[in-house]
Amino acid sequence: MAQGNKKLGPAKKSAGQKKKKHLTKSKKVTKGRKEYSAKGRKANAAKEKAATTKAINVKNETAVSARAVGAGDRFFLTDLTDKGKKKLNEMERERNKKEDRATKLSDKLRDQLRKLGRDV
């Protein structure tokens with residue numbers, strides 16, 4: 001047994017012990033929003049939505065393919081894009097008509113007075 005009053009401290013660490021150990025990090029995302037998969041009611045709703053979308057896509061695909069086969073020799077993607085653009089323009093015109101009719105307060109008041117039977 002060692003004699004004397006000197007107390008032994010902890011053993012000195014070797015260079016290998018002093019090196020920072022590379023710990024295995026978990027594979028979680030550390031930056032940005034944390035995403036978790038939905039459970040329960042929300043998961044069922046998402047599955048139903050996906051199934052509905054798939055059914056609609058199948059229906060649209062069959063309609064387009066039937067038109068393509070029935071059209072005969074001429075069927076191009078530009079035909080579809082032209083029809084789509086025309087439909088969008090038509091819908092935009094309808095929306096703008098509704099919005100432009102009563103945008104100002106005075107126009108709204110005039111419309112209400114006309115409905116009551118008073119001419120302005």
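This is a predicted model: local features need pLDDT of at least 70, side-chain atom pairs count only at pLDDT 80 or more; totals for chains, interfaces and linings use all residues.
Local features were considered at pLDDT of at least 70 and side-chain atom pairs only at pLDDT 80 or more, whereas totals for chains, interfaces and linings use all residues. Residues are numbered from 1 along each chain as its sequence is written, and side-chain values use heavy atoms, with hydrogens and water left out.

The chain contains four helices and zero strands, arranged along the sequence in the pattern α-α-α-α, where helices (H or I, at least four residues) and strands (E, at least two) are DSSP runs numbered from the N terminus. Just after α2, Gly72 adopts a positive phi of about 95°.

Of the 120 residues of the chain, 2% are classed as buried (buried, under 20% relative accessible area; exposed, over 50%; partly exposed, in between; 1.4 Å probe, protein chains only). The chain exposes about 12900 Å², of which carbon and sulfur atoms supply 55%, as computed by the Shrake-Rupley method with a 1.4 Å probe.

The structure holds one salt bridge, defined as a side-chain nitrogen of Lys or Arg within 4 Å of a carboxyl oxygen of Asp or Glu. This contact joins the side chains of Asp111 and Arg114 at 3.3 Å, N to O. Both residues, Asp111 and Arg114, belong to helix α4 (residues 105-116) and are three residues apart, about one turn of the helix. An α-helix has 3.6 residues a turn, so residues three or four places apart point the same way. Asp111 is partly exposed, with a relative accessible area of 29%.
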